[in-house]
Amino acid sequence: MVYGLAAIDSSGRIADRAVIRTLGWNPGTRLHIREGSGVIVVRLDGQGVFTVTGQGHLHLPAAVRHWCGLTAGDRLLLAANPADGLLVVHPPAALDAMVVAVHADLLGGGQA
């Protein structure tokens, strides 16, 4: 796994090209993007309708951004699995849920 933190801009671009390069995705690489359980799953897909931008950025479609409540400036955790050609994007709400669950387990009852 390779991790990165990146902000999303007002047009939905994630500018962390290091993670995208680690996946071997070049400008024009075709992708499948979907939302599930509050995270965004991006897979390499030769038939995908989305592509890496000419500048090497990932562009999240407006519908996906809306479903995840993302706005410009939100910081995202990027978790890439190069062996599987897979990127999971964790929005702030998904990170909050994970942290709360871990703290509840560690501290008992979810009180910080």
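A salt bridge is taken here as a side-chain nitrogen of Lys or Arg within 4 Å of a carboxyl oxygen of Asp or Glu. The structure is a predicted model, in which local features need pLDDT of at least 70 and side-chain atom pairs count only at pLDDT 80 or more, whereas totals for chains, interfaces and linings use all residues. Residues are numbered from 1 along each chain as its sequence is written, and side-chain values use heavy atoms, with hydrogens and water left out.

The pLDDT, which is the predictor's confidence in each residue on a scale from 0 to 100, averages 90 over the chain, and 96% of the residues score at least 70. Helices (DSSP runs of H or I, at least four residues) and strands (runs of E, at least two) are numbered from the N terminus. Confidence is lowest in helix 3 (residues 92-107), with a mean of 84, and highest in strand 5 (residues 50-51), at 96.

Arg65 is found in helix 2 (residues 62-67). With buried meaning under 20% relative accessible area, exposed over 50% and partly exposed in between (1.4 Å probe, protein chains only), Arg65 is buried yet has no salt bridge, and the nearest side chain of opposite charge, that of Asp9, is 7.0 Å away; for charge, Lys and Arg count as positive and Asp and Glu as negative, while His and the chain ends are not counted. Contact means heavy atoms within 4.5 Å, and, leaving aside neighbours within four places in sequence, the residues in contact with Arg65 include Ile8, Ser10, His59 and Leu70.

A nonpolar core is a set of buried Ala, Val, Leu, Ile, Met, Phe, Trp, Tyr and Cys residues joined through side-chain atoms within 4.5 Å. The largest such core has 22 residues, and those with the most contacts inside it are Ile14, Ile40, Leu58 and Leu87. Helix 1 (17-22), strand 3, strand 4, strand 7 (75-81) and strand 8 (86-90) each supply at least two residues of this core, with strand 7 giving the most, at 3 residues. A second, separate core of 5 residues includes Val39, Val41, Leu86 and Val88.

Two loop residues may be described in turn. Gly85, in the loop between strand 7 and strand 8, is buried, with a relative accessible area of 8%, and among the residues it touches, not counting those up to four places away in sequence, are Leu23, Trp25 and Val42. Ser37, in the loop between strand 3 (30-36) and strand 4 (39-44), is exposed, with a relative accessible area of 79%, and the phi of Ser37 is near 55 degrees, a positive value in a residue other than glycine.
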